[in-house]
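The following report describes a structural model, chain by chain.

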Amino acid sequence: MIVLRGRKVVGGRAEGEALVTSMTVPGWGGVNPIKGVITETRHDLRGVSFAGKVLVFRGAKGSSGWSAMYHTTRLAGTAPVALVFNEMTTKVALGAVVMRVPSVTDFDQDPLSVIETGDWVVVDGDCGLVEVRKNGRGGRL
Amino acid sequence: MLTLTDDEKAMLDGRHGKARQKAMDLLVRYAEALGAERFVDTQNVAGVPGSANAFLQNYYKDKSGPGGDAIFSFFDLDADELVESPNAVVHTCHLQGGADPLHWQTLGVSAEIVRGHEARESFAVSKGVEILKTCTPYLAGNVPAFGEHLAWMESSAVIYANSVLGARTNTEGRESTSAAMLTGKIPDWGLHRDEPRRGTHRVDVRVPIGSVIDWGMLGYFTGDVVQEHIPVLTGALQPPDIVRLKHFGAAASSSGGVEMYHLAGITPEAPDVDTAFGGNVPVEVFEYGAAQRRQVYDALNANASDPAVDFVMLGCPHAALEQLREAAALLDGRKIGGNTRLWIFTSRAVRTEADAAGYTAAITAAGGVVMTDTCSAFAQAVPQGAKVAALDSAKQAHYLPAILGLQAWFGTTRDCIEAAITGRWNGACPS
């Protein structure tokens, strides 16, 4: 098990399978919040669902509708269960707040080089800790 | 560690009513998420308070009551109970909306949806919100002063306010602007402060940048390479006008997350390259030459293969008066093709000016439609059966194929108007 130490963005604890992209994640115009999928042309997660996943990503980009789109995923039941990201912006901060999912940033090591899609990840927002199990699901830690 | 002033504590404690308490609570959660240490006062908010697309209208149907408006309480303020909102305490304008109030049938929007937008607009009016209904508030009556702190949404307006006007705002969101409207507060973080406004990356421009399409493509390149950082552009830049700056910024904030840029020797916080960087050493220098220009052009046209254009959309961001004049002049005495549709989007304010100048009549006589409030990407509306669009905006070319799945050609306004008339795409990469 690998432990990454970061800073609380939104408190709470959640776990799930990681969905990782080294790209910035689009908001309005690049995501379908009702379906919970990225739709942006030329995005490496295009067509992939983030619902129920621990989304591990570089940061947010694009429209100021970012928070409203991910807020809508909470209403539609398609939100990720937690956010793990590197680059703080107003878009991702507000989005994490209104999604109300445990979120951590400012890590002691780069989550994008440690976590791979399919890893099982536990996010403790209050303590700013992210635990990574490399063998996929395999039950609780 | 976030520190609150006495008036902020009073709002958070509920001494100014429940709605302001919820607004302050949201702003505190947001400031803590950012790692901000304090708030800054703002007197200028641009957002979409209380607005709702079909999903939100349906989701919150029948949930409003005497205790307050459901959409504003639950969605805008992210509250868990209904709250009766007081009027906006600071100057607040409404950005773009969901449908043209006159041409909604052309847009293909149902009467029910339009009535819903009208009801949401009435709510905003009742709270003292100014209904500009545009992504270009700076062309429609809200022109911030140099150094003014704002809480603005709309990435293309944010980048314009910061870079061209020297006002200070981060890219705010729906919820933070609605909360700012009731509190006059926004986290003092990011572009409200001096240091984060300084350049971090340099774009060295090696080909002459003069026309609107030149600026749009350069913006698209810049956003793609610097992402959310602060580029300083140097090199072969001819002094741009409002339209060029509008297209540059809209493109840079679509392909990346650029919220501020410096044009060395042109924009107000960049009298020269050294001042623009403010002591920062450029993290990376990107060259924009003929090869990069070609790559941008190809990327913006990557979704198109069929030259039979059936839809031309102009006005992203909303057309300035001079763009409507240009369209009217290009269309003068001609008719658009029987199988093509031409829609041009602008603000209500600029449309009024275009009406007075005769531009709207000239465009209409040629078979085009001048619409307000929204755009194809925002309203998710194109003419029925449209398969191949022509666009003069890199931002719209970025979004429209992703949102509606149609092919999109990108070129000059002239290329687009010619396509509207002939029904054929005949554009070429500028050289």
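Among contacts in chain A between residues at least 6 apart in sequence, 73% link residues at least 24 apart, two residues being in contact if their C-beta atoms, placed from the backbone, lie within 7 Å. This is a predicted model, in which local features need pLDDT of at least 70 and side-chain atom pairs count only at pLDDT 80 or more, whereas totals for chains, interfaces and linings use all residues. Residues are numbered from 1 along each chain as its sequence is written, and chains are lettered from A and ligands numbered from 1 in the order in which they are written.

Chain A contains three helices and 12 strands; helices (H or I, at least four residues) and strands (E, at least two) are DSSP runs, numbered from the N terminus. Its radius of gyration is 13 Å, close to the 14 Å that the globule rule gives for 141 residues, so chain A is as compact as a globular protein of that length. The radius is taken over C-alpha atoms, and the rule is 2.2 Å times the number of residues to the power 0.38. The C-alpha trace of chain A spans about 35 × 25 × 25 Å along its principal axes. Of its 141 residues, 56% count as buried. A residue is buried if 20 or more other C-beta atoms lie within 10 Å of its own, exposed if 12 or fewer, and partly exposed in between, with C-beta atoms placed from the backbone.

Between the chains, 31 residues of chain A are in contact with 32 residues of chain B. On the chain B side, α2 (18-34), α3 (54-59), α7 (155-165), α8 (174-183) and α17 (394-404) each supply at least two residues.

| Domain of chain B | Residues |
|---|---|
| domain 1 | 6-192 |
| domain 2 | 198-299 |
| domain 3 | 302-422 |

The centres of domain 2 and domain 3 of chain B, taken over C-alpha atoms, are separated by 26 Å. Their contact takes 16 residues from domain 2 and 13 residues from domain 3. On the domain 2 side, α9 (212-226), α10 (242-255) and α12 (290-300) of chain B give two or more residues each, and α10(B) provides the largest share, eight residues.

Helix α6 (residues 111-126) of chain B has 16 residues and reaches 22 Å from its first C-alpha to its last, close to the expected 22 Å, which is 1.5 Å times one less than its number of residues. Gly116(B), His117(B), Arg120(B), Glu121(B) and Ala124(B) of this helix are buried. Seen down the axis of α6(B), the buried residues fall within an arc of 135°, so they line one face of the helix; the arc is that of the directions from the helix axis to the C-beta atoms. The cover over them includes α3, β3 (91-94) and β4 (130-131) of chain B. Exposed residues on the other side include Ala111(B), Glu112(B) and Arg115(B). Just after α6(B), Gly128(B) takes a positive phi of about 85°.

Phe345(B) lies in strand β12 (residues 341-346) of chain B. Phe345(B) counts as buried because it has 28 C-beta neighbours inside 10 Å. Not counting residues up to four places away in sequence, Phe345(B) touches Gly315(B), Cys316(B), His318(B), Ala319(B), Met371(B), Thr374(B) and Cys375(B). Phe345(B) and Asp100(B) are 245 residues apart in sequence, and 9.2 Å apart in space, C-alpha to C-alpha.

Conventions:
Domain bounds come from an automatic or database domain assignment.
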